[in-house]
Amino acid sequence: MVVLAAASTSGQGSAGQAIGYPTLFLLVLIGALVPVVPTGALVSSAAVVAFHQTAPLAMVLVFVVASLAAFLGDVALYWLGRRGMDSKNGSRWLAAIRNRAPEDRLAQAQEKLSRHGVAVLVLSRLVPAGRIPVMLACLMAKWPVRRFARGDVPACLAWAATYQLIGVLGGSLFDEPWQGVVAAVALTLTISAAPSVWRRVRGIRGAA
């Protein structure tokens, strides 16, 4: 697993860092474009490794790399979605966004977006599986790319800081980086899965 490999290179100094930061950037960027990669777990894992390093700027670099990659991925995906909205035949990127935005969540996102505007973007990045429905709501509201990008800046900064904090908390509990990585990944995946599990439980109770 990539994050465990990163943990194993934490003691290799600048060579490990030269590999780790570009890898983190690339994986978070891909995760923003293709919303199946657990990018929160990646950031938390990188924060664990940085926590155990002696380099004073390691934590800052993780924050900058993660937030920048998330921002560029979000803006690129939104731009591709806008192109699909303007095209008569749509696009596979727009179809992918729509497929990951259930009607009920899209309706909630549209309502919140109309009432609170840009602030919803920040919350959507912090709520598991909340980013895509809000992004589609912005597309349907015909927000220009520049307006979306302005709102996405604080969203990506808050997202990176939150998952980095999870990693720091996990890293502080263990002496070995790999133990903190495992704890951070387990915690972030649990947080990500909690909303879908809750919706299924509510659905079962409603059917009963």
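Which residues in H5 meet Ile132, Met135, Leu136 and Leu139 in H8? They are Leu94, Ile97 and Arg98. Meeting here means contact, that is, heavy atoms within 4.5 Å.

The model is predicted: local features need pLDDT of at least 70, side-chain atom pairs count only at pLDDT 80 or more, and totals for chains, interfaces and linings use all residues. Residues are numbered from 1 along each chain as its sequence is written, and side-chain values use heavy atoms, with hydrogens and water left out.

The protein chain has ten helices and zero strands. Helices are DSSP runs of H or I with at least four residues, strands are runs of E with at least two, and both are numbered from the N terminus. The order of elements from the N terminus is α-α-α-α-α-α-α-α-α-α. Of the 208 residues in the protein chain, 39% are buried. Buried means under 20% relative accessible area, exposed means over 50%, and partly exposed lies in between (1.4 Å probe, protein chains only). Among contacts between residues at least 6 apart in sequence, 77% join residues at least 24 apart.

Helix H8 (residues 131-140) packs with helix H5 (residues 92-99). Their axes come within 9 Å and cross at roughly 125°. H5 is therefore oblique to H8. Axes are lines fitted to C-alpha atoms, for helices over the stretch in contact, and angles run from 0 to 180 degrees between N-to-C directions. Angles under 35 degrees count as roughly parallel, over 145 as roughly antiparallel, 65 to 115 as roughly perpendicular and the rest as oblique. The H5 and H8 crossing is left-handed. A crossing is left-handed if the near helix is turned anticlockwise from the far one by less than a right angle, and right-handed if clockwise. The contact of H5 with H8 has six nonpolar, no polar and one charged residues. Ala, Val, Leu, Ile, Met, Phe, Trp, Tyr, Cys and Pro count as nonpolar, Asp, Glu, Lys and Arg as charged, and the others, Gly among them, as polar.

H8 also packs with helix H6 (residues 103-116), at an angle of about 60° and with the axes 8 Å apart. This crossing of H6 and H8 is right-handed. H6 contributes Arg105, Leu106, Ala109, Gln110 and Leu113. H8 contributes Pro133, Val134, Leu136, Ala137, Cys138 and Met140. By class, nine residues are nonpolar, one is polar and one is charged.

Helix H7 (residues 119-126) packs with H8 at about 155°, with the axes 8 Å apart. H7 is therefore roughly antiparallel to H8. Val120, Leu121, Ser124 and Arg125 in H7 meet Arg131, Val134 and Cys138 in H8. This contact has four nonpolar, one polar and two charged residues.

Two aromatic pairs are found in the whole structure. Rings of Phe, Tyr and Trp (its six-membered ring) pair if their centres lie within 6.5 Å; planes under 30 degrees apart count as stacked, over 60 as edge-to-face and the rest as tilted. Tyr78 and Phe148 are stacked, at 4.1 Å centre to centre and 0° between the planes. Their pair links distant parts of the chain, 70 residues apart: Tyr78 lies in helix H4 (residues 58-86) and Phe148 in helix H9 (residues 145-172). Both Tyr78 and Phe148 are buried. Trp159 and Tyr163 form a tilted pair, at 5.9 Å centre to centre and 55° between the planes. Both lie in H9, four residues apart, about one turn of the helix. Trp159 has 3% relative accessibility, so Trp159 counts as buried. Tyr163 is buried too, with a relative accessible area of 7%.
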